[in-house]
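Please examine the sequence and the three-dimensional structure shown below. The briefing that accompanies them is arranged by topic.

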Amino acid sequence: MKKLNLKVNKIIVTVMCLLVAFVAVPHIDAKAASNDELQACAAVFDGAYYAAMYPDVAASVNGSQLALLNHYVYFGIYEGRNASASFNATDYMNRYPDLAAVYGDNMPAYVYHYVNAGKAEGRIATPTVGADISVPSQYTLLGVYSTDYDATVARATNIAIAAKNVNGTVVAPGKTFSANQAIGQRTTANGFVTAPVFINKEHAMGIGGGVCQVSSTIYAAMKTAGISASERHAHSLPVNYLPTDWDATISWGSLDLKFVNKYSSNIVVYVTANNGKLTVALYLEN
């Protein structure tokens with residue numbers, strides 16, 4: 001596996017780590033979108049179009065496809081920006097007063113309605129400006145999922161480090177993704193700190209506590225993408241950030257989360273952790 005060099009607006013830029021990718025982006029409001037709304041936003045979103053339409057955003061996120069999606073979900077949608085050449089939530093709201101009476105200023109809710117009902121009803125969400133722009137997409141979103149965490153406790157440090165290490169990982173066709181290898185060994189030398197962990201169905205403290213939320217969120221994104229795990233282990237106790245059987249615990253040198261890329265193109269694993277919101281997206285290079 002390697003780190004990906006991405007091309008945005010014909011300029012080759014290097015995929016940056018989590019903290020750099022968000023350096024020019026405000027903190028995410030973790031309450032802004034539910035997972036169902038995130039899935040809906042991902043369904044209408046076109047990263048290549050968004051980067052071309054809004055070069056200010058593209059420059060601030062250094063080409064990260066997930067950072068572009070995050071910007072739309074938590075900021076762009078409220079700023080009236082287009083998700084693609086065929087969708088604008090503000091225009092959709094303005095066209096249908098019956099929806100505005102129900103959803104008010106909850107902009108992700110309009111996206112959810114369009115994806116799950118409005119489109120089938122023949123409702124129109126085409127932007128009033130920018131519908132004529134056509135940009136070839138370089139990536140196809142396979143799956144995305146987010147979980148919440150307390151950004152004020154020690155485990156948040158481990159989540160941020162693990163997310164940074166995994167972000168931008170490329171899995172070539174036929175190759176295996178390993179969460180352990182992507183995250184790296186959990187040691188103080190690598191920046192990890194002591195935080196709560198599960199050991200033999202008991203609560204304990206250990207270096208790197210919290211990294212399993214990253215591996216578990218990767219597994220959840222795999223499930224939404226229809227990607228089977230070649231290795232996965234459940235926690236010894238239930239976790240509070242995912243549904244039952246959606247978690248994946250890891251331990252250096254023993255337990256791992258793995259999947260094999262069965263596509264003919266690279267899979268790119270993006271992970272961001274910001275202000276209590278951990279998001280994983282799996283993209284296929286076109």
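The points below concern strand pairing, helix packing and selected residues.

The structure is a predicted model. Strand 10, covering residues 267–274, pairs in the antiparallel sense with strand 5 and also in the antiparallel sense with strand 11. Helix 2 packs against helix 8 at an angle of about 70 degrees, while helix 9 and helix 11 cross at roughly 45 degrees.

- Strand 10 is mostly covered, since eight of its eight residues are buried.
- From strand 10, Ile-267, Val-269, Val-271 and Ala-273 point one way. Val-268, Tyr-270, Thr-272 and Asn-274 point the other way, and the residues of both groups are all buried.
- The antiparallel pairing of strand 5 (residues 169–171) with strand 10 runs over three bridges. Here Val-170 stands opposite Val-268 of strand 10.
- The antiparallel pairing of strand 10 with strand 11 (residues 277–285) runs over eight bridges. In strand 11, Tyr-283 is the bridge partner of Val-268.
- Strand 10 and strand 11 form a hairpin, with two residues between them.

**Helix 2 and helix 8**

- Helix 2 comprises residues 35–44 and helix 8 comprises residues 107–118; their axes lie 8 Å apart.
- How are these two helices oriented to each other? An angle from 65 to 115 degrees counts as roughly perpendicular, and the angle here is about 70 degrees. Helix 2 and helix 8 are therefore roughly perpendicular to each other.
- The crossing in which helix 2 passes helix 8 is left-handed.
- On the side of helix 2, the contact involves Asp-36, Glu-37, Ala-40, Cys-41, Ala-43 and Val-44. These meet Pro-108, Ala-109, Val-111, Tyr-112, Tyr-114 and Val-115 of helix 8.
- The residues in the contact of helix 2 with helix 8 divide into 10 nonpolar, no polar and two charged.

**Helix 9 and helix 11**

- The axes of helix 9 (residues 155–166) and helix 11 (residues 211–225) come within 7 Å of each other, crossing at roughly 45 degrees.
- Helix 9 contributes Arg-155, Asn-158, Ile-159, Ala-162, Ala-163 and Val-166 to the contact, and helix 11 contributes Val-211, Gln-213, Val-214 and Ile-218.
- The residues in the contact of helix 9 with helix 11 divide into seven nonpolar, two polar and one charged.

**Tyr-114**

- Tyr-114 belongs to helix 8.
- Is Tyr-114 buried or exposed? Residues under 20% relative accessible area count as buried, so Tyr-114, at 12% relative accessibility, is buried.
- Leaving aside neighbours within four places in sequence, Tyr-114 is in contact with Val-44, Phe-87, Tyr-92, Lys-119, Arg-123 and Ala-125.
- Tyr-114 and Ile-124 are 10 residues apart along the chain, and their C-alpha atoms are separated by 8.7 Å.

**Residues with positive phi**

- Asp-245 is located in the loop between helix 11 and strand 9 (258–260). The phi of Asp-245 is near 75 degrees, a positive value in a residue other than glycine.
- With a relative accessible area of 49%, Asp-245 is partly exposed.
- Asn-275 is located in the loop between strand 10 and strand 11. Although Asn-275 is not a glycine, this residue has a positive phi of about 50 degrees.
- Asn-275 is partly exposed, with a relative accessible area of 41%.

Terms used. Residues numbered from 1 in each chain as written. Predicted model: local features only at pLDDT ≥ 70, side-chain atom pairs only at ≥ 80, totals over all residues. Heavy atoms only, no water. Buried < 20%, exposed > 50% of the residue type's maximum accessible area, 1.4 Å probe, protein only. Helix = DSSP H or I, 4+ residues; strand = E, 2+ residues; numbered from the N terminus. Pairing = 2+ DSSP bridges. Axes fitted to C-alpha atoms, helices over the stretch in contact; angles between N-to-C directions. Parallel < 35°, antiparallel > 145°, perpendicular 65-115°, else oblique. Left-handed = near helix turned anticlockwise from the far one by under 90°. Contact = heavy atoms within 4.5 Å. Nonpolar A, V, L, I, M, F, W, Y, C, P; charged D, E, K, R; others polar.
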